[in-house]
Amino acid sequence: DRDYALSARVTPSTLELACRNYNVQGGRQPCPARLVTPAGIVEISGGATAGAMQISALGQSLDLRKLAPLFENQLEDISGTLELNAKVGGTFKKPTYEASLDVKDLVSLRLPGGDSVLQILGPRTVAGEKLPGAQIKIANGTVGFGSFTINVKDERKDEQGELHVSGSIALAGLKPASWGLLIEGKIAGKMLSAIAPSSLAQGSGLATIDAALGGKGALPLVNATLTFDPAEGTRAQPLALFPRGVRREIAMLGGSVEITTKEVGAHRTYTLDFRDNPITATIDNEGRLTDVRGELVLADGKLDHADLALDAEKIPFRKAQVLDLNLSARNVSLRLPSADSEWQARGNIAIVNGSYRRNFVLTEVIRPAPETAAPAKPFWDEYPSIGNADLDLELEVRKFAVENNIAKIELAGPRLYITGSPRDPRISGAIRVQSGEFKLPGVRARFLRTVGSIDFAENTKATNPSLDITSDAPDFVDLSGQAHTITLTISGSLEQPQWDLRTSTGYDKSQTLALLLLGRNPEQLRRSLGDQAIGTDPTHTETSTNPTGGVGDQLVKDLAGDWVSGLFGSSLTKFTGLDVLRFEVGFGSVGIRAEKKMLENLRAIFEYEQTVRGSTVNLHGEARTPLPDLTLQGGYLNKNYDDPSDVDISDGNLKLVYRLFIP
């Protein structure tokens, strides 16, 4: 018998045990002590002898807010009050223990990166009835849950999933040995994303769960029903999940999943069955999956086999700056015969509406414009088994368009066949050009009559089909009034397309380019720069009052006229109904040229020029006769000078022209 003092401390100030100057007689008298924790003080009392012990611990107001620094990387905030009651009895050889944690004030845990709060409910009054708070009780190797209610509250959407947990788990040491739990209520998508952050990037909404966890072993036998019914509650939202790597939000609108467990020896098989109550879901609030039915079987924690079927409509598929598709599907089946095999995809898919938007750089060889953004990581990097799936699909192209900087083409086609895998798809078949137009940068011609096809071959990549497209720009009239039909052809492959130009008047590619860019062929350009052909009469071909005319002035006229006409000409021709409307600006002149096909065999040309010396009006036309080489031509020229010393000119002519071909 003696007095003593006992103390212990664990740095940094998280635990402190003190027993101060108490007289112990034969070790039978209690030695009251305090356990100082960050959440509060736990009073310890009792004593022990070699034959028996009786120790009690009581922590009445443990404030969880004081524990926040310990969870700064796991939780944004924690609050609430707990009460601890614990007893240790029996002998050192056969101890008995009992401990309980009671929620005295609502426990709130704010999950990282969002507005969701995980709550464990304390004592409360509902409809006049007082309900106890949640309790976890450990007694002699058994963990029990009483009045244990968990919810996840979304502060922005006013959604609250509430789960009720009851029953117990028997332990062998610190590991579960047998199960007897019931879980029922509404599970929130936020709760699922917190439980499985490596698989789910985000979750929202609610689903109903009714589950029983039983059996013996470290893992329970699960028999559960998960029901997707957002109609419950006036503000209930469907369960929506955002799986990592998929970059799509999947929202469950209806249906249910039955989860059952079979145990054979040490092996357990979990089956997710939704054949009797198919699932309906949306993708990104655009596409819709309907009649999703089948089952998934997991053996020892891994997917063993699967058999699914579904229909779909308005499914979006986008690749930035390249593809934008709207898909539908009918009778699609997805099967995984065994854990060692590849997924199999069969069925019918249709492109309801889609477009190819990648721009092209137009040089001697057309090439796709470089991407301005880094390509997104393929989803099969996250799910390799899907990337290697065996495809055998029929593809119907109902409406597909090429919409980029040089073309706007509508395509459709018969059935295409998709084989290979999502990682390396192969397509066979062709789609046909229905209509469309090409617009080459910097030229006035519009290629409106477009025909051809895009052909896919199974032995080439699906992204590199062969091209065979022809487009005509009919009735292109040059500055001399001659009409041409210009033909653009595109061939080769999509990754390395080739292009060519020709005219109905026999021009090759370089001559046609000069015609498109300058409004005249090289011979006409040579003449306009002052190199007159032998035998011409300058007094009759000169129609300008400009004193500065020459090679330099003509170059300025051509370049400036092309630029001004390119800005306004196309819009004004549509508004006025003219075939040609061209503006010409020189050193000392401003002019306009307009052409109009009056009848099938009659064309009229009007030219007006204002210079520093006066103005000129030149009107002429051409009528075709039944004889192809015989035409009737007429014209009127009026030159009005501002200086009285200059003689004004007014002249008209009418002539019959026969073109004689000399080989």
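Buried here means under 20% relative accessible area. The close-ups below come from a predicted model.

**View 1. Ser-493, a buried loop residue.** Look for Ser-493 in the loop that runs between strand E34 (483–492) and strand E35 (497–503). With a relative accessible area of 16%, Ser-493 falls under the 20% cut-off, so it counts as buried. Its side chain is joined to that of Asn-464 by a polar contact of 3.2 Å. Leaving aside residues up to four places away in sequence, Ser-493 touches Asn-464, Pro-465, Ser-466 and Leu-467.

**View 2. Phe-145 and Phe-148, an edge-to-face pair.** To describe a pair of aromatic rings, you give the distance of the centres and the angle of the planes. The count of aromatic pairs comes to 2. In the pair shown here, the ring centres of Phe-145 and Phe-148 are 5.5 Å apart and the planes sit at 85 degrees; that angle is over 60, so the pair is edge-to-face. Phe-148 is buried, at 9% relative accessible area.

**View 3. Tyr-356 and Phe-360, a tilted pair.** These two rings lie 6.5 Å centre to centre, with 40 degrees between their planes. Both partners have their own burial values: Tyr-356 is buried with a relative accessible area of 12%, and Phe-360 is buried too, at 9% relative accessibility.

**View 4. Lys-509 over the ring of Trp-499.** Here a charge meets an aromatic ring: the charged end of Lys-509 sits over Trp-499, 4.1 Å from the centre of the ring.

Notes: Residues are numbered from 1 along each chain as its sequence is written. This is a predicted model: local features need pLDDT of at least 70, side-chain atom pairs count only at pLDDT 80 or more; totals for chains, interfaces and linings use all residues. Side-chain values use heavy atoms; hydrogens and water are left out. Rings of Phe, Tyr and Trp (its six-membered ring) pair if their centres lie within 6.5 Å; planes under 30 degrees apart count as stacked, over 60 as edge-to-face and the rest as tilted. Buried means under 20% relative accessible area, exposed over 50%, partly exposed in between (1.4 Å probe, protein chains only). A charge sits over a ring if NZ of Lys or CZ of Arg is within 6 Å of the ring centre and within 35 degrees of the ring normal. Helices (H or I, at least four residues) and strands (E, at least two) are DSSP runs, numbered from the N terminus. A polar contact is a pair of N or O atoms within 3.5 Å; within protein, one must be able to donate a hydrogen and the other to accept it, and residues adjacent in sequence count only if both atoms are side-chain atoms. Contact means heavy atoms within 4.5 Å.
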